[in-house]
Amino acid sequence: MNNTISCPICRSATTLDDSNLFRPFCSDRCRLVDLGKWVDEKYSITNFPEMNEDKNYSYVH
Ligand SMILES: [Zn+2]
């Protein structure tokens, strides 16, 4: 079984199996990039805040 896909963000080869915690992305970085696209482009990837205590942040998953 080959679950290899292209990361939607960086197009690197990655997998959809359970070992990839960030699927369908290749990494946590790309996952956050994707989040950042619809949250707020002003967020920096390296300083992405914890979401839990931000009461102004309506997180819809
Ligand atoms: Zn990626």
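Ile9 is placed in the loop between β1 and β2, where helices (H or I, at least four residues) and strands (E, at least two) are DSSP runs, numbered from the N terminus. The model is a predicted one, in which local features need pLDDT of at least 70 and side-chain atom pairs count only at pLDDT 80 or more, while totals for chains, interfaces and linings use all residues. Residues are numbered from 1 along each chain as its sequence is written.

Ile9 counts as partly exposed because it has 18 C-beta neighbours inside 10 Å; by the definition used here, a residue is buried if 20 or more other C-beta atoms lie within 10 Å of its own, exposed if 12 or fewer, and partly exposed in between, with C-beta atoms placed from the backbone. When residues up to four places away in sequence are not counted, Ile9 touches Phe25, Cys30, Val33 and Asp34, two residues being in contact if their C-beta atoms, placed from the backbone, lie within 7 Å. Val33 is 24 residues from Ile9 along the chain, and the C-alpha atoms of Ile9 and Val33 are separated by 7.4 Å.

## Backbone features of the loops

Arg11 also belongs to the loop between β1 (4-6) and β2, and its phi is near 70 degrees, a positive value in a residue other than glycine. Most residues other than glycine have a negative phi, and most peptide bonds are trans. Arg11 counts as exposed because it has 11 C-beta neighbours inside 10 Å.

In the loop between β2 (13-15) and α1 lies Pro24, and the peptide bond that leads from Arg23 to Pro24 is cis, with omega near 5 degrees.

## Residues of helix α1

Helix α1 spans residues 28-39 and includes Leu32, which is partly exposed because 19 other C-beta atoms lie within 10 Å. Leu32 and Phe22 are ten residues apart in sequence, and their C-alpha atoms are 9.7 Å apart in space.

Arg29 is likewise found in helix α1, and Arg29 counts as partly exposed because it has 15 C-beta neighbours inside 10 Å. Between the C-alpha atoms of Arg29 and Cys10 the separation is 10.0 Å, the two residues being 19 residues apart along the chain.

## The chain as a whole

The protein chain has one helix and two strands, and its pattern, read along the sequence, is β-β-α. Of its 61 residues, 8% count as buried. Among the contacts in the protein chain with a separation of 6 or more, 7% are accounted for by residues 24 or more positions apart.
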